[in-house]
Amino acid sequence: MLSPPETSPFRAFSAPGRINLIGDHTDYNGGFALPAAIDMATSVTIAARADRRISASAEKFSEVVEFPIGVEPLRRGDWGDYVAGVAWILQGAGLVLQGGHLRIESDVPLGAGLSSSAALEVAVALALLGISGIEMDRRKLASLCQRAENDFVGVRCGIMDQLTACMGRQDHALLLDCRSLEIKYLPIPAQVRLAVCNSMVKHNLASGGYNQRRAECDEAVAALSRFLPNVTQLRDVSMEELERNSSSLSATAFRRCRHVVGENQRTLAAAEALGRNDVAGLGPLMNESHRSLRDDYEVSCAELDILVELAQSHAGVYGSRMTGGGFGGCTISVVDESAIESFQQAVREGYARRTGVMCEIYICQAAAGAREEVSAQ
Ligand code: GLA
């Protein structure tokens with residue numbers, strides 16, 4: 001591996017992946033989501049360089065990425081774009097970065113809907129800011145990382161993943177208001193386990209379906225706001241207003257909106273249930289969310305549906321749904337701790353029987369957000 005000139009000792013920073021209990025495809029509509037950061041993370045060790053260049057290597061990939069500071073980097077179409085995009089956006093915000101070499105390691109599965117991209121962006125941003133001696137408010141950090149993904153990588157994602165990576169709290173889910181960026185922390189009940197089942201179908205949000213959904217929502221807002229002048233985002237529309245104005249929308253656009261409007265209501269209800277420690281109340285909302293993502297928003301896939309069916313029919317499972325952007329990736333199931341062993345066995349066997357594929361299952365803990373590691377070399 002290339003070893004660039006290093007002028008300082010290493011510092012290490014990490015940022016977690018996330019699951020989302022409920023509230024998908026609501027963030028870019030100004031709505032609500034209920035994610036938790038998890039105990040899978042991306043870590044970046046960084047050493048300052050004497051020159052005005054940033055370089056990076058990643059444990060999982062052989063190439064080294066290198067670019068000068070102050071010039072818009074070329075898009076490579078791979079993981080390097082997240083590093084280059086973050087550096088470019090931080091500079092665009094007027095920050096003076098110091099050159100550095102970053103070494104990236106991660107145990108967040110890639111392209112699995114657990115927000116490996118945001119974990120990388122946030123860890124890289126913290127590392128670059130750290131060696132440059134710049135302190136930044138966490139919400140601002142999340143917004144700049146989102147901008148890197150929107151404007152440089154080209155995925156028009158919302159703020160959920162970056163905000164969760166920045167603001168996660170151990171043993172807590174976060175009710176996010178994705179418009180005001182307000183957060184309410186809700187403890188995850190001690191008797192449940194968060195079981196993440198990976199369909200092993202890789203999703204690639206850059207490949208179109210995600211941005212297309214977002215564009216459909218924007219078009220629906222433009223159509224609805226002709227009749228509902230106060231509407232600037234789907235967050236502002238009630239189910240009653242949507243139904244009353246359905247003739248201004250195509251059948252597909254109506255279903256997309258019905259998902260978003262319903263999902264916001266479900267997410268607020270789920271947060272209330274969690275606040276009462278009422279896991280039995282949370283479960284059916286998760287199940288209904290999956291149905292809506294599958295039928296109305298059409299971002300599930302056959303493999304995710306199988307995982308959800310297997311989970312929902314298992315005793316001791318409160319609720320199960322796809323989690324994140326969809327088109328592959330993972331499901332999240334809230335499982336009673338007494339049923340966690342039989343759940344894993346039933347889902348593994350059932351999924352292998354029906355698809356011929358072995359799924360991976362991760363039992364996750366809700367974890368803290370991004371931080372500097374104390375034990376740097
Ligand atoms: C991806 C995006 C998020 C969010 C989810 C769907 O994870 O990065 O901003 O839109 O999909 O809820």
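Predicted model: local features only at pLDDT ≥ 70, side-chain atom pairs only at ≥ 80, totals over all residues.

Visitor: Which hand is the crossing of α2 and α3, left or right?
Guide: The crossing of α2 and α3 is right-handed.

Visitor: Which residues in α2 and α3 meet?
Guide: From α2, S117, E121, V122, A125, L126 and L129. They meet R138, L141, C145 and E149 in α3. By class, that contact has six nonpolar, one polar and three charged residues.

Visitor: How do α1 and α2 cross?
Guide: Helix α1 covers residues 80-92. The axes of α1 and α2 come within 9 Å and cross at roughly 50°. That makes α1 oblique to α2. This crossing is right-handed.

Visitor: What makes the contact there?
Guide: On α1, Y82, V83, V86, A87 and L90. On α2, S117, L120, E121, V124, A125, L128 and L129. By class, the contact of α1 with α2 has ten nonpolar, one polar and one charged residues.

Visitor: Switching topic. Which residues come nearest the ligand?
Guide: D24, H25, D27, D161 and Y210, out of 13 residues around the ligand.

Visitor: What is 2.7 Å from an oxygen atom of the ligand?
Guide: A polar backbone atom of H25. A backbone N or O atom of G158 lies 2.9 Å from a ligand oxygen.

Visitor: And what about the side chain of R18?
Guide: An N or O atom in the R18 side chain is 2.9 Å from an oxygen atom of the ligand.

Technical notes:
Residues numbered from 1 in each chain as written. Heavy atoms only, no water. Left-handed = near helix turned anticlockwise from the far one by under 90°. Helix = DSSP H or I, 4+ residues; strand = E, 2+ residues; numbered from the N terminus. Contact = heavy atoms within 4.5 Å. Nonpolar A, V, L, I, M, F, W, Y, C, P; charged D, E, K, R; others polar. Near = heavy atom within 4 Å. Polar contact = N/O pair within 3.5 Å; in protein donor to acceptor, adjacent residues only side chain to side chain. Axes fitted to C-alpha atoms, helices over the stretch in contact; angles between N-to-C directions. Parallel < 35°, antiparallel > 145°, perpendicular 65-115°, else oblique.
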